[in-house]
Amino acid sequence: MTISLAQLRRCSTAVDMGAARTRVYVKNQGLLIDEPTAAAVNVRTGAMLAVGTQAEKMDGRTPDHIRVFRPVTGGTVVDIDMAQRLLRSLISEKLRRGWWRRRVLRAAVCLPHGSHPLTQRAAVETLTGVGARQVELVDTLIAAAVGCGLPVEHPEATMIVVCGAGTTQVAVLSLGSIVAAETVPVGGNAIDHAVIQHLRLHHQLMLRGRGVRPMHLLLSNGDGAASGANEVHGRDVHSGQARSVFVDPERIRHAVATPLTAILDGIGAVLRRCPPDLVADLGERGLMLAGGSALIPGLESMIHQATTMPVHIADFPSTCAVQGLGAMIEGKVEPLHLDPMAR
Ligand SMILES: Nc1ncnc2c1ncn2[C@@H]1O[C@H](COP(=O)(O)OP(=O)(O)OP(=O)(O)O)[C@@H](O)[C@H]1O
């Protein structure tokens, strides 16, 4: 299937189902859904109890018969049935009744660069399951670059790094096409996981995923003392009692070195595959950091130190991809050649 802007303009809805959040943009209305990709289900009865923010709040606090499902992993819908129920539920909560029953609903979906045909098929099945008659697939990197306002159609290099929850995608674009790209299976979740593992190993402290966010401040150069980020509250591994510890910011930075190195390796690999003229353009222009994990304090300076290139954070990094896709379905994007994602 070849995707053209003409085909995309016929879509009424743009969908970005990520590991962390699901976003739905409706033509002429804008971004109407931006909720966690989570569904809480009573596993005894099969009843869906909550979706989105409510389901995420339940995570880690549920009795045995309630489970919080996350149907998307690393940009792939791994549980199509659950993803359909989640989308249907979010749509019926947020959008007009009967929206998904419209007979000729066309949807555009962004998928990670180079995604496997099974990933593409899972996305199509998920959307057709909620009523889409036609599903157009667009590379997340192109959608995000458009959403960041990068001049992708110009004959000069632009570089984008989309750092999401489960994956980081890197690309150099020129003349509306991807020149070189790489997807690294590491994102904000891996950085959080590295911090959680460090606390467990070195402080015997268990921390829930959401407890890591305040500690992100330690990843920037400060010592976090002023903000109180270096005091961490969790549960003692042995006694199960609530306990607080003071952590050394330098050790936290060291703990996240492995996932960060993978991201930096991805950037390096893309630069090595680029023609020298384009790399020279990038030396001046720098790279654009997008995706929710672009907001991790210090990530920008770590990438700058490793690449020596200027690093810019997109204005709204979390929603770049769906906003870019939205701009395409609204017809706000000048014709450019999109990389087809064969199905
Ligand atoms: N303010 C913030 N500070 C630090 N991290 C943040 C912030 N906001 C979001 N994140 C991180 O961004 C990630 C989610 O980013 P995003 O919404 O782009 O993911 P996604 O598109 O659902 O994931 P993927 O693209 O991997 O499927 C999470 O790991 C989250 O912890």
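Mentor: Welcome! A nonpolar core is a set of buried Ala, Val, Leu, Ile, Met, Phe, Trp, Tyr and Cys residues joined through C-beta atoms within 7 Å. Keep that in mind as we explore this predicted model.

Trainee: Thanks! Which residues have the most contacts inside the largest nonpolar core?

Mentor: That core has 105 residues. Domain 1 (5–143 + 322–329) and domain 2 (154–314) both give residues to the core, so the core lies between them. The residues with the most contacts inside it are Ile 160 and Leu 325.

Trainee: What does Ile 160 touch, leaving aside residues up to four places away in sequence?

Mentor: Its partners include Leu 287, Met 288 and Ala 290. Others among them are Leu 141, Ala 144 and Ala 145. The list also includes Cys 148, Leu 150 and Ala 171.

Trainee: Which helix gives the most to the side of domain 1 that touches domain 2?

Mentor: Let's start with the two domains, whose C-alpha centres lie 25 Å apart. Their contact takes 14 residues from domain 1 and 15 residues from domain 2. By class, the domain 1 side has five nonpolar, eight polar and one charged residues. The helix that gives the most to that side, with three residues, is α5 (residues 140–147).

Trainee: Now the open sheet of five strands: which strands stand at its edges?

Mentor: Follow the order, β3-β2-β1-β9-β10, with mixed pairing. Each edge strand has a single partner strand, so one side of each is left without a neighbour in the sheet. The edge strands are β3 (30–36) and β10 (134–139).

Trainee: In β2, what is the bridge partner of Ala 14?

Mentor: Strand β1 (residues 13–17) and strand β2 (residues 21–26) run antiparallel and are joined by five bridges. The bridge partner of Ala 14 in β2 is Tyr 25.

Trainee: Last one: is Ala 38 buried or exposed?

Mentor: Look in the loop between β3 and β4 (39–42), where Ala 38 has its place. Ala 38 touches Gly 52, Ala 55, Glu 56, Asp 59, Val 68 and Arg 70, not counting residues up to four places away in sequence. A residue needs 20 or more other C-beta atoms within 10 Å to be buried. Ala 38 has 25 C-beta neighbours inside 10 Å, so it counts as buried.

Definitions and conventions: Residues numbered from 1 in each chain as written. Predicted model: local features only at pLDDT ≥ 70, side-chain atom pairs only at ≥ 80, totals over all residues. Domains from an automatic or database assignment. Contact = placed C-beta atoms within 7 Å. Helix = DSSP H or I, 4+ residues; strand = E, 2+ residues; numbered from the N terminus. Nonpolar A, V, L, I, M, F, W, Y, C, P; charged D, E, K, R; others polar. Pairing = 2+ DSSP bridges. Buried ≥ 20, exposed ≤ 12 C-beta atoms within 10 Å, placed from the backbone.
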